[in-house]
Protein chains: 2
Amino acid sequence: MTPSNPRATIVGIGLIGGSLALALRERGWRVSAVDPEPVRLARAQELGAIDAEGFDPEADVVFVATPVGQIPSAVAEALAATDAVVTDVGGVKATVVDAVDSARFVGGHPMAGSEQEGLEGASADLFDGAVWVLTPVEDTDPEAFTLVRSIVTSLGAEVVEVAPERHDQLVAVVSHVPHLTAAALMSLAAGRAEEQAGLLRLAAGGFRDMTRIASGHPGIWPDVCVANRHAIVGAVDDLVTALGGLRDRIDNEDRLGLFEILADARAARNSLPTRAVRPGDLAEVRVPITDRPGELATITTLSTEVEVNIYDIEIDHSAEGPKGVLVLIVDARLAERLVGGLMANGYRPSWNPLG
Amino acid sequence: MTPSNPRATIVGIGLIGGSLALALRERGWRVSAVDPEPVRLARAQELGAIDAEGFDPEADVVFVATPVGQIPSAVAEALAATDAVVTDVGGVKATVVDAVDSARFVGGHPMAGSEQEGLEGASADLFDGAVWVLTPVEDTDPEAFTLVRSIVTSLGAEVVEVAPERHDQLVAVVSHVPHLTAAALMSLAAGRAEEQAGLLRLAAGGFRDMTRIASGHPGIWPDVCVANRHAIVGAVDDLVTALGGLRDRIDNEDRLGLFEILADARAARNSLPTRAVRPGDLAEVRVPITDRPGELATITTLSTEVEVNIYDIEIDHSAEGPKGVLVLIVDARLAERLVGGLMANGYRPSWNPLG
């Protein structure tokens, strides 16, 4: 499906654009880049991320990886400068798709990021294992869609196809509004404890988990939120309604009604799909720990000794106090071996298969 | 401060009551227990948690560890049955303190819990390192307060003294309302994705973090929420106001106003006190990882090899996609040694001192 001497232009050579450039060149593409900052283009050449500067008139595809507010004009420019299929990587889709009137355009959003920012954080394997949303609409040329899908699949991403509005509603609910809520909760707690900051030590692990995403740099959030304002306003209103429903049940001492909502939420949370697609079956091993120095090293070293790989690790601090539960995600076929080793060392682990 | 032949009665012999019984007996106390379930009392005897059943008329202290709704009547019963100082362990304080009219009563709330439930999960070291809130009021006998403080301190807990209403407002904000919010967010997401559950794969790590506390059994939550309804209703209203403020800024495209709120929340989150009190200085080492099998074992084993204890571990999934950052909390004096070992093995860690 990919052209035989494939050529691409990347508009905006930051973290995502730079990673795309590296990933495409690694797969034999000729890559040019457009960016308002000459110094960034020079650095991209230095890093071996691009072959040339400017639009490639013979490009098969143009990836627009600018900040969200600049995408519609950058897409229009790309459509005018080339005959290529044009796609973007913006975190908000409906405003972009509505603004562009071309069968050659396919909206996209790779769900990938990095601790590092900008071109220096770019890496050829950024999209390996990521979900990449594509949002074709009725007028989209099926061949344009097929081309973009085959390219992003070749980068190791898994394509999920949804309508632009639906994408925006979902990311509002699973990403934008949670971020805003974490900030609101943190402000509330900081305000209540301001005379005596030490009182925030009453905050259990659950509060830390719930506000963790508020600890990142605000960065692109204001732009993203404004671009997705319709979906966010709708989702905030729905969240406020849901909170109001819980509030009223509590105020009316409706314990059963409250229990039912919490039980439904629990069922939904426990069936949340796991983050990454994995080969084989996985199991969750839960080990109560006492948060003592050396205990983590003991357990992880024990896992290594019994040759059980740990796929994921977290400490569940949901219970109040200094105690926690170390949660290890391992190959289900090896879980019993790990549990046996842990029990032999005085731990009281439990385990159950996932999904 | 503790009496020389100390005697205690525990009312309600579940997880907290059972742990109290074990911890007190370990320290030479004679412990009796009162519980509506004879089978639980028998089991407590079997486990060596108690010496006798019923109120001890010579008890120095009675700990009331019943479900929250039964505390006022259980406290009244304990005051009538003994001349002891009476304290409780309920998660809500104002309603209890208001209902009890006795200088011999001291309200309390140990911030401790466990993965296990009930008497079987009880452990003598449950309170070791925990914060234990005490809520004396004007009429509380100073000697009663001093006795309770010295006992809970002897169990390894750290006493924090606050007014009952203030305790309730704080736990509403840092525990009860976050729990309700996690449930509301989860319901919202489940509702939006109901036709196509796979779309929840778009949920980034931040969403998982924010909804984790909704995955626990509703258990005592309805009772606790109803008992703390005044503080919760107030905190939910404040949260709704804060969310409304964010919503309006987004709707008005007020990027700067939004940025300021997010930046303030970030500063507050980053100065949240660490969970446990630790000797010495700690540092945070951040290691970008690619979520590949074996990578965690490699890094934790490397830490063991260079003799750097890991005090806490988490994977920061805040960035979208399958990538993450392994966050290790270690002794600040050893952080450079760990960072050196990691770099020698091809990782790109960064580190900074905490607090």
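Predicted model: local features only at pLDDT ≥ 70, side-chain atom pairs only at ≥ 80, totals over all residues.

Reader: Thanks! Let me start with a spot I picked out: where is the place of Gly156(A)?

Author: Gly156(A) sits in the loop between α5 (142-154) and β9 (158-161) of chain A. Helices here are DSSP runs of H or I with at least four residues, strands are runs of E with at least two, and both are numbered from the N terminus. Residues are numbered from 1 along each chain as its sequence is written, while chains are lettered from A and ligands numbered from 1 in the order in which they are written.

Reader: Good to know. Why does Gly156(A) count as partly exposed?

Author: Gly156(A) has 16 C-beta neighbours inside 10 Å, so it counts as partly exposed. A residue is buried if 20 or more other C-beta atoms lie within 10 Å of its own, exposed if 12 or fewer, and partly exposed in between, with C-beta atoms placed from the backbone.

Reader: And which residues is Gly156(A) in contact with, leaving aside neighbours within four places in sequence?

Author: Those are Phe127(A), Asp128(A) and Gly129(A). Contact is when the C-beta atoms of two residues, placed from the backbone, lie within 7 Å.

Reader: Okay, zooming out. How many helices and strands does chain A have?

Author: Chain A has 12 helices and 13 strands. Its C-alpha trace spans about 65 × 55 × 40 Å along the principal axes, and 53% of its 355 residues are buried.

Reader: How is chain A divided into domains?

Author: There are domain 1 (7-161), domain 2 (166-270) and domain 3 (282-353), with bounds that come from an automatic or database domain assignment. The centres of domain 1 and domain 3 of chain A, taken over C-alpha atoms, are separated by 41 Å.

Reader: What about the two chains together, how many residues of chain A are in contact with chain B?

Author: 115 residues of chain A are in contact with 114 residues of chain B. On the chain A side, helix α6 (residues 164-192) gives the largest share, 20 residues. That side divides into 66 nonpolar, 25 polar and 24 charged residues; Ala, Val, Leu, Ile, Met, Phe, Trp, Tyr, Cys and Pro count as nonpolar, Asp, Glu, Lys and Arg as charged, and the others, Gly among them, as polar.

Reader: Nice. Which residues touch the most other members of the largest nonpolar core?

Author: Ala21(A) and Ala21(B) do, in a core of 204 residues. A second, separate core has 35 residues, including Leu326(A), Leu342(A), Ile310(B) and Leu342(B). By nonpolar core I mean a set of buried Ala, Val, Leu, Ile, Met, Phe, Trp, Tyr and Cys residues joined through C-beta atoms within 7 Å.

Reader: Switching to chain B: in what order do the strands of the open sheet come?

Author: The 8 strands run β3-β2-β1-β4-β5-β6-β7-β8 in chain B, with mixed pairing. Strands pair if DSSP finds at least two bridges between them. β3 (52-53) and β8 (158-161) of chain B stand at the edges with a single partner strand each, so one side of each has no neighbour in the sheet.

Reader: And β1(B), what are its links to β2 and β4?

Author: β1(B) runs parallel to β2 (residues 30-34) of chain B, joined by 5 bridges, and Ile10(B) has Ala33(B) as its bridge partner there. With β4(B), β1(B) pairs in the parallel sense over 4 bridges, where Val11(B) is partnered with Val64(B). 5 of the 5 residues of β1(B) are buried, so this strand is largely enclosed by the rest of the structure. Arg7(B), Thr9(B) and Val11(B) point one way, while Ala8(B) and Ile10(B) point the other way.

Reader: Last one: which residues of helix α3 of chain B are buried?

Author: In α3 (residues 71-81) they are Ile71(B), Ala74(B), Val75(B) and Ala78(B). Looking down the axis of α3(B), these fall within an arc of 100°, so they line one face of the helix; the arc is that of the directions from the helix axis to the C-beta atoms. Ser73(B) and Ala80(B), on the other side of α3(B), are exposed. The cover over the buried residues of α3(B) includes β1 (7-11) and β4 (61-64) of chain B.
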